[in-house]
Every structure is written in structure tokens, then in C-alpha cells.
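Here is a short briefing on one protein model. It covers a salt bridge, a helix pair and a pocket.

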Amino acid sequence: MAAGIMSPARNCASMIGTAFLMVTILSVMAAGGVSALQTGFYATSCPNAEDTIYSTLQQLHANDADLPPVLLRLHFHDCFVRGCDGSVLLQGSGTERTAPPNARLEGFAAIDAAKAAVEKLCPGVVSCADILAFAARDSVKMVGGPGWAVPGGRRDGTVSLASEASSNLPGAQMDVNGLTSNFAKQGLTRDDMVILSGAHSIGEAACVHIDNRIYDYPSASGVDPLLPKDFAAKLKKKCSQRGLTNRKFDLDSGTSAVFDAQYYSNLAKRTGLLTSDQVLYEDARTRPLVLESTNKANFFPKFTQAMVKMSQISVLEGTQGQIRQRCGYVNK
């Protein structure tokens, strides 16, 4: 962000936004008893931690345009299995990384680089789980989205099971009932689910995840009739046969490199990619929030609040867990 003098109006808005975010954090703690994480957690123990993580990721992003959605997804997949404890980062046979839903997870090297950078500053202080949470925020900010204060103090878990990843992560073909139930297990509401789905403003999905919409839909053509004909043809041209895992399509067919509200406008035009995306518009219970979120002035504040809430799912604190020396391995 360029240095400069903030106007009184912007300063006031910033103060209101910060106060509102703090109320959200306290509300999460009170409602779910989830955690007592603190913003500015490393202000004394490692004051340059967050800046160092951001600058490290910025340098990597300069050579890898796909890094932001990769890191955002990595944090999500971490939090939905055992909570936000960095368990998705652990390597080895039978770990979360080996589960089918995590087969295409990337970004591990970037997290390792950020960890190495902060270890040089403050050895044994900053957890990998916190780095993931900071990286998710930084990724959104780097591609035009909002920034937000990320509460810190998570500790790293020592257990990672592929079976838990397979049973806890939401699927690309879920309807609103399935998605709502899945998110509720994590203490998240249906509105949280709709807003967090806006993370699909950036990133890609493998063609195999839309086979059910362009080849195997129960219609004479095999194509989901909700899809506009020109969009369906575009999808079939790119995803030219069933089962393609190495060919990908933008989740946001309009502005896939920018974090904005276009994802929701796409749903309203019925050009959402995944079943789990498009159902948010088709279901009368979630359509109003989809339409409201087509305006980023509505979407951005709700997204930052939902991300803070998600980042506090079942965290380890205090003396629980450990601070890993290397993110992929439990300390000896």
C-alpha cells in the first residue's frame, strides 16, 4: 500500500471497520467458545512476522500468478479438518495431503518459504497454522480484495489423517442442504457458507468436477439445462471429454485473476461453474444473499468477517500442540 495521509472520512471509516471486526471476533468467541486468539499476537514476540510473510508471498506471486487462490484454498482445507491447526501441511503416508479431496492442493512450498523467513527473525515463535491464516488474507489482498486483521495465537497440531479430510470437506456436487449441513459441523451458518463460497472469485477447478453438468446430467443431451448454451459449449470445448483432472477451468469466468464480486454476478447469469456454486442462486433461501453480494461493498465486509470466524475453528492454543520447526513435520 502506498504511503500517504488518510483523509478524515477514510480514517473514520477505517476506525468503524476495525471496531466492527473486533465485535465480530468477540461475538465468535462468545457464541461458539471457539478461541481467544488476539490480533497483533506477535507484536512483541515477533513484531515483523506479518510483514515478512506478506513480502515473501509477494515475491513468490510475482513469478506465480496462481499462488493466491492456491493459498486461500489451502487455509480452507486446513480449517475444515481438525480445525485451523496446520494439519494439512504435514507430510507422510495417510496424512490429509494424501486424501482424494486434497489431491490437487498446492502452495506448500510457499508456506515453507514464509516459515523459513520468519524463523530467521524469531526461531520457534510463529506457528505454521498462523502462517496459513495470514497467507490466506495476504493472498486476497494481493489480487484486489480486502485486507483484514487476522487474530493470531494458533498452535500446530501433531495429527493428520486422510480419512478425516475425505469425510469433512464439502463436495463440488452438494446442494444447499448438504453444504449447510457440512458448514454447520464447523460452527458456520448458511450465510457464512454463501459468503465463503465467494472465495471462488479466484482460482480454477479440474474439468472432472463439472462432468455432471456437461456430460452426465440426467437430460437428453447430458447437459444441465440451467447452463446457457454458449457457456455450455465453451465448457465442453475446454473439457473435451469426461474425467479430465489435469485440464482446468476458471471458477470465475469473468475476472478470474481479481478478487471481486463477479462470482455472484455469474451465478445470477447461471454461469457458475460447479453445482455447489450454482445452487446458491437457484435455492430461494440463499438467492437473496447471492444478489446482495453482487455489490462488493456488501460482499467484502461480510467476507472478511466470515474469514475471521472460519480461521478460529477448533484452534489449539496456549500449551496445546506445538510450534513446528518445519511445517511439513512434527517436531522430534
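Which side chain meets R137 in a salt bridge? The partner is E50, at 2.8 Å from N to O. This is a predicted model: local features need pLDDT of at least 70, side-chain atom pairs need 80 or more, and totals for chains, interfaces and linings use all residues. Numbering starts from 1 along each chain as its sequence is written, and side-chain values use heavy atoms, without hydrogens and water.

**Salt bridges**
- The count is 12 salt bridges (a side-chain nitrogen of Lys or Arg within 4 Å of a carboxyl oxygen of Asp or Glu).
- R137 lies in helix α5 (residues 128–142) and E50 in helix α2 (residues 49–61), so the pair ties together parts 87 residues apart in sequence.

**Helix pair**
- The axes of α3 (residues 67–79) and α4 (residues 108–121) come within 9 Å and cross at roughly 85°.
- The two helices are therefore roughly perpendicular (65 to 115 degrees).
- L67, L71 and L74 of α3 make the contact with F108, A110 and I111 of α4 (heavy atoms within 4.5 Å).
- These residues comprise 6 nonpolar, no polar and no charged (nonpolar: Ala, Val, Leu, Ile, Met, Phe, Trp, Tyr, Cys and Pro; charged: Asp, Glu, Lys and Arg; polar: the others, Gly among them).

**Largest pocket**
- Its volume is about 1200 Å³ (the space filled by probe spheres set on the grid points).
- A pocket is an open set of points on a 1 Å grid where a 1.4 Å probe fits, with protein on both sides within 12 Å along at least five of seven lines; lining residues have an atom within 4 Å of a point.
- The largest pocket has 48 lining residues, with R73, H77, H200, E204 and L251 nearest its centre.
- Helix α3 gives the largest share of the lining, 8 residues.

Definitions and conventions
Axes are lines fitted to C-alpha atoms, for helices over the stretch in contact, and angles run from 0 to 180 degrees between N-to-C directions. Helices (H or I, at least four residues) and strands (E, at least two) are DSSP runs, numbered from the N terminus. Angles under 35 degrees count as roughly parallel, over 145 as roughly antiparallel, 65 to 115 as roughly perpendicular and the rest as oblique.
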